[in-house]
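Dear colleague,

Please find below the structure that I am handing over to you.

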Amino acid sequence: MNKKKSPFERDFIVAKERFPKLTYVWNAKIMMWVITGELDICDVEGVYWNTFQITILVPRGYPYCVPIVAEKSTIIPRDIEWHISPEGICCLDISHNLKAMSKLGIDLTSFISEKVYTYFANQLYKLEKNKYAGGEYAHHLDGVIQYYIETHQLQDKRAIVAMLQQITSKTNIGRNDPCPCGNGKKTKHCHQSSIDTLKTLGHERLLSDLKNISETIK
């Protein structure tokens, strides 16, 4: 009798069709699926650019998790300006976006296509053009502030603080209440979607952001 495949194993079959040079094993010691192999990068016209040796660690909680991606081929300079650690751990996106994505549940093929492949293609673009296509997040707290302004369309740091104060308080934000951003619209016609997303990041993360951003306002 065939053993029933896990959600990861079923999804990897689909991912394998698109990325045939990747394989996986289950590592019981670290309790993760370990994907290894080569990722060929081509431009939008299908012209081959380069190949990366990569490892993707997928926690047992898949699909409600954030995989860890590492480059093993050392093509990318090991420098913070390249969004990679000295050990080769890749910063695919700001952690807030990845956390929100994991709460909804990731799809392995989409994750590799939209996060991993895009990350490595962008690195090759920077090696050639000395800049990222489409820009990038700033580092550390500046990147967090950029996330709130660009992703959630909050006007400035004071608007971010006002929003976070309201979300982290015990007061419920009703759909018909004035939006915490302060523009006078009802929440349901303004930042309702952003509030729902931010709540998935967890109370501690939001409190930390509130504290750190508040300290930058004079």
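Helices (H or I, at least four residues) and strands (E, at least two) are DSSP runs, numbered from the N terminus. The model is predicted: local features need pLDDT of at least 70, side-chain atom pairs count only at pLDDT 80 or more, and totals for chains, interfaces and linings use all residues. Residues are numbered from 1 along each chain as its sequence is written, and side-chain values use heavy atoms, without hydrogens and water.

At least two lining residues come from each of α2 (95-104), α3 (108-129), α4 (140-151) and α7 (203-214); α3 gives the most, with six.

There is also an open sheet of four strands, in the order β1-β2-β3-β4, with antiparallel pairing (two strands pair if DSSP finds at least two bridges between them). Because β1 (22-27) and β4 (68-71) stand at the edges with a single partner strand each, one side of each has no neighbour in the sheet. Strand β3 (residues 48-59) is joined to β4 by four bridges, and I56 stands opposite V69 in β4.

With kind regards
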